[in-house]
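I opened this notebook to record what I looked up in the structure. The entries go from the overall chain to the interface and then to individual strands.

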Amino acid sequence: MPVLRFKPEKLIKLTGLSLDEIMETLFKLKCESELIDEDLEVEINPDRPDLYISEGLARAINGLQGKRKGWKKPKIIDSGYSLEVRPPSTRPYIAAAIVYNVNIDEDFLEELIQFQEKLHDTIGRRRRKVAIGIHDLDKLPSKNLRYIDESLDADMIPLDDTRRYSIRQVLENTTQGQKYGNISLNTDRGTHPALYSGEEIIAIPPVINSNVTRLEPGTKHVFIDVTGTHRETVNKVLDIIVTALTEREGAYIGSIKIYTPQGEVTTPLLTTKTLRITRQLVTQTLGLELSLESITDSLGRTLHNVTIEENSIIVTPAPFRVDIIREVDLIEDIAIALGYESLGFNRPVVESPGKLLPESRLSRVLRELAIGLGFTEVTQLTLISPKLLDYTHFHERVEILNPVQYEYSALRPSLIPSLLSVAAKNVHARKPVKVFEIGMIVKPGSPPTDHLHMALLIMDDEVGYEDIQASVYSILRILDVDFKVEPTSHPVFITGRAARLLTSNGEELAIMGEVNPEILEKLEISFPIAVADLDVEVLARWKYKTSNRH
Amino acid sequence: MAEQVYRLSKSEYELLKKMQEKGVTEGYIEEAAEKLNVEKTSLASLIMLLSSKGLAKIDEEIESLAHLTDKGLKALEEGLPEEKLVKLLIEHNGSLDINTIRAELGNESGIAIGQAKRKGFITIEGNTVMLSGDPKKILDDLDELRSALRKVREDPSFEPPGELVKRGLIKIKKIKRMRFKLNVSPNKILEKSVVEVAKLSSNLISSGLWRRVALRAYDVSAEPPRIYPARKHFLVEFIEMLRDIMKELGFIEVRGPIVEMELFNFDVLFQAQDHPAREIHDTLWIKEPRRADLTEYKDVVERVAKIHEEGWGYKWNPEIAARLLLRSQTTSVSARVLTQQPEPPIRFFTIGRVYRSDVVDATHLPEFHQLDGIMGWPGYTFRDLIGILEEVARRLGLKLKLKPGYFPFTEPSVEGYVQLPNGKWLELFGAGLFRPEVLEAAGVDYPVGAWGFGVERFAAAVLGITDIRDLYTRDIGKILNFKIKLI
């Protein structure tokens with residue numbers, strides 16, 4: 001979740017509220033905030049990129065406080081700048097605008113860079129989908145701009161440098177180039193998107209801007225370019241930026257004419273759409289009877305423009321509200337404006353009994369019995385180390401393609417390795433060590449499947465097959481399960497000291513035996529161990545089938 | 001005045017019995033032990049215990065026992081050195097050169113001359129040694145010493161002349177001997193005795209002997225041996241408590257696969273295919289097989305494709321939806337349940353493991369449990385959803401605070417904070433009404449509320465566990481010593 005950090009003084013000034021009141025209002029706007037040293041840290045949900053800057057937060061707070069209603073389009077003039085596009089195939093879309101009188105000081109520069117970064121990371125999908133360049137308008141060499149696919153040999157002065165390099169060098173040698181250089185590189189043609197102002201490259205989106213147009217404290221007007229792979233998002237991001245910047249005193253927009261092979265377009269688009277809701281829909285969704293006035297007031301305070309038309313409420317959300325997709329999104333805004341705490345609630349009425357899964361019910365019985373037999377319950381992760389599975393000869397297993405840590409890069413196909421790792425940790429504990437676990441295992445397959453199993457383990461100075469057999473038999477006999485026993489072999493067990501149990505219709509119910517000392521040695525366990533693994537689901541199926549007969 | 005009662009331990013009682021039988025009531029310990037056929041040491045300690053109860057008197061006697069040393073034995077057989085000298089002088093008419101004496105008596109000559117001179121048997125002039133006094137009288141004196149040596153050999157208790165001890169011919173050993181005498185006769189004691197026992201035994205009860213014994217008082221504040229009952233695991237207990245709450249609220253438990261298709265983990269839930277949560281840093285895919293077969297879900301796939309393409313404006317790719325991952329949320333189970341289009345009203349819940357790309361530390365696990373509940377029917381509202389959150393919090397005994405939230409698949413969305421007993425607010429519930437896009441993808445035509453929470457972080461906070469890894473400890477000691485907390 002994006003976290004903003006900025007000095008709160010401006011927000012206090014823009015809203016006329018105390019810091020406490022601001023934090024309280026932010027909470028109602030889905031944002032958790034915390035004061036850290038002199039800075040306010042605000043956690044913002046990724047559905048509201050319009051809030052990634054103080055100007056956006058102040059706008060929303062003032063709305064919720066009733067200090068402004070709806071949204072008015074800012075002043076727009078024709079800037080006289082033009083942009084010719086020969087769309088690079090890897091990043092075909094661009095939108096651009098000017099905002100005059102932004103008047104950047106040191107604090108705002110920091111916030112602006114943060115705004116840009118948060119937009120990149122979320123809606124921009126780490127610059128793949130959308131990337132933003134912000135330039136000092138007065139430093140642009142020419143009013144004529146071009147966005148083209150350029151040869152890697154073309155040169156530019158990258159940000160924070162004074163020398164000229166080829167695009168190739170910038171991609172290879174700057175940290176920005178190494179991080180983002182592959183996103184829009186056309187490897188077949190050996191080209192990269194470039195934005196020219198006159199004969200100067202002012203940006204190679206999505207990698208880096210030119211130092212020629214760099215922003216600094218004192219910059220008055222800005223030129224913004226937004227490029228990307230999704231036309232609508234590119235335009236929306238530009239809308240978000242210009243509508244935030246025009247919140248600054250005296251700021252207004254200069255539009256830019258863009259010439260593409262498909263035709264001419266002027267950006268920013270500041271497109272809005274219209275949604276239609278009814279009082280009934282609001283009532284049906286929230287479960288609360290609201291007056292028309294209360295609904296329109298709430299929508300106004302969440303900065304939507306509202307008109308009433310017979311039985312419908314016609315809503316035009318501001319262009320920066322990318323999260324408004326359907327009617328429900330407006331209804332949430334109504335609830336937010338009213339305050340969730342004031343909605344009240346309906347206490348649930350239980351009309352029909354609840355029910356647990358058969359295996360959940362059986363697990364409770366199994367836990368009681370195991371405790372009664374003196375086994376202590378452990379619980380382990382299903383993620384397990386492949387090395388442990390190799391040691392214990394469980395080679396058939398599901399492994400993770402992109403694990404974070406090797407120790408957790410496989411799913412256990414049996415509970416036995418988990419319990420053996422518990423035993424290894426308790427070699428010095430008072431004997432006998434008796435533990436059990438009821439938990440999920442995952443069997444490979446197409447697709448792999450998970451199953452609820454139970455395993456029991458005994459470690460003692462002397463312990464054998466009969467000890468674990470006695471425990472398992474005791475449990476199965478109390479459950480009144482018919483079973484057959486037959487010798488089995490698995491390399492985890494000593495040859496001739498392992499058995500499997502089958503239900504009378506031949507399903508495998510359990511395996512048990514004495515653990516092979518070769519494995520004990522590898523796990524540095526100097527005590528004999530006997531272990532059993534039961535399939536709780538087979539047992540549950542069998543148990544509930546036979547119980548229902550009576 | 002209360003009648004005198006003698007409280008005896010079982011072994012004291014048995015000893016007195018034997019004393020009564022054998023008529024042994026006094027004497028030296030060694031001798032009595034032999035007569036009574038008991039161990040010397042145990043008899044001694046029992047007599048001491050009886051004496052501490054005033055039933056016996058103990059006298060300690062110190063006895064001297066003499067025995068001949070090697071030198072003493074030699075003197076007994078060959079004569080004392082000065083005796084040898086006197087006899088030599090008699091043979092040589094009363095005088096001899098000192099060098100001749102040295103030659104004759106060897107290394108005994110020094111002692112012989114020294115002793116004889118001290119006792120006045122001889123005088124020395126220059127190199128000549130002369131007998132002085134009556135030889136018969138001298139020999140008689142010496143005979144006395146010889147006979148003392150002999151007597152010591154025959155009877156160690158004979159008290160020898162000090163001279164022989166000083167000269168190292170006789171050694172004296174002092175021995176402590178314990179003599180006892182019962183103050184009261186065994187008959188009398190036994191008649192009025194009560195036996196004290198430490199442990200009441202089956203024998204005592206079935207023989208009726210318990211009536212005649214006294215159950216000794218214990219030091220009840222003494223620390224007993226430490227023992228541990230077999231325990232249920234505290235995390236599992238916590239999960240079972242949640243299951244009970246859900247069942248009581250009329251929810252039916254369901255289950256879904258851990259290895260899941262992206263279709264149910266993301267696509268049905270209206271999470272765009274380029275959503276950051278679906279990137280390599282946040283999603284754990286499996287090696288083999290990479291994809292599942294979507295044929296079985298043809299209808300769902302068609303609806304999902306349409307909704308994504310309309311809603312997000314991109315070309316939806318079934319190949320991505322078919323990829324197999326470790327589910328990142330149990331909402332995938334709810335998504336599956338909804339695609340089966342159950343008849344309303346519905347109340348389902350699941351508790352299962354979910355997986356994240358997190359490095360393990362005190363606050364992160366790569367897998368944890370989530371509880372996910374869904375409920376819905378025609379006319380179900382957001383207030384019904386808040387109601388279930390309120391009710392679950394109430395049954396957990398916790399206060400609830402609401403905050404608007406964001407989840408890609410619900411609208412309106414809400415986060416529920418609960419106040420823990422320590423006063424801190426914990427972000428617990430994520431909830432909301434499923435978006436119309438999700439309901440359309442599933443093919444459900446009534447509103448459905450969904451809510452859930454991660455179990456481990458909540459359990460740790462409630463159970464007072466600061467390191468979340470302790471919930472999955474391998475150390476049995478931590479489970480056996482876990483202090484129970486009730487909420």
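The entries below concern a predicted model.

**Entry 1: chain A overall.** I first listed the secondary structure of chain A and found 16 helices and 28 strands. I then looked up its extent. The C-alpha atoms of chain A fill a box of roughly 90 × 65 × 50 Å along the principal axes. The radius of gyration of chain A is 33 Å, whereas a compact globule of 550 residues would have one near 24 Å. I noted that 48% of the 550 residues of chain A count as buried. For the contacts in chain A between residues at least 6 apart in sequence, I recorded that 69% join residues at least 24 apart.

**Entry 2: a sheet in chain A.** In which order do the 3 strands of the open sheet lie? I read the order as β20-β22-β21 in chain A, with antiparallel pairing. β20 (383-384) and β21 (398-399) of chain A each have a single partner strand and stand at the edges, so one side of each is left without a neighbour in the sheet. I followed β20(A) to strand β22 (residues 410-411) of chain A, and 2 bridges join this antiparallel pair. Within it, Leu383(A) stands opposite Leu411(A) of β22(A).

**Entry 3: the contact of chains A and B.** I counted 74 residues from chain A and 67 residues from chain B in the contact. Several elements of chain B give two or more residues to the side that touches chain A, among them α12 (234-248), α17 (382-395) and β16 (410-419). Which element gives the largest share of that side? I found α17(B), with 8 residues. By class, I recorded 35 nonpolar, 10 polar and 22 charged residues on the side of chain B that touches chain A.

**Entry 4: strand β6 of chain B.** I examined the side chains along β6 (residues 128-131) of chain B, which alternate.

I then looked up the partners of β6(B). Strand β4 (residues 95-97) of chain B pairs with β6(B) in the antiparallel sense over 3 bridges, and Asp97(B) has Thr128(B) as its bridge partner. Strand β5 (residues 122-125) of chain B also pairs with β6(B) in the antiparallel sense, over 4 bridges. There I noted Met130(B) as the bridge partner of Thr123(B). The hairpin of β5(B) and β6(B) has 2 residues between the strands, and Gly126(B) takes a positive phi near 60°.

Conventions: Residues numbered from 1 in each chain as written. Chains lettered and ligands numbered in written order. Predicted model: local features only at pLDDT ≥ 70, side-chain atom pairs only at ≥ 80, totals over all residues. Rg over C-alpha atoms; globule rule 2.2 N^0.38 Å. Buried ≥ 20, exposed ≤ 12 C-beta atoms within 10 Å, placed from the backbone. Contact = placed C-beta atoms within 7 Å. Pairing = 2+ DSSP bridges. Nonpolar A, V, L, I, M, F, W, Y, C, P; charged D, E, K, R; others polar.
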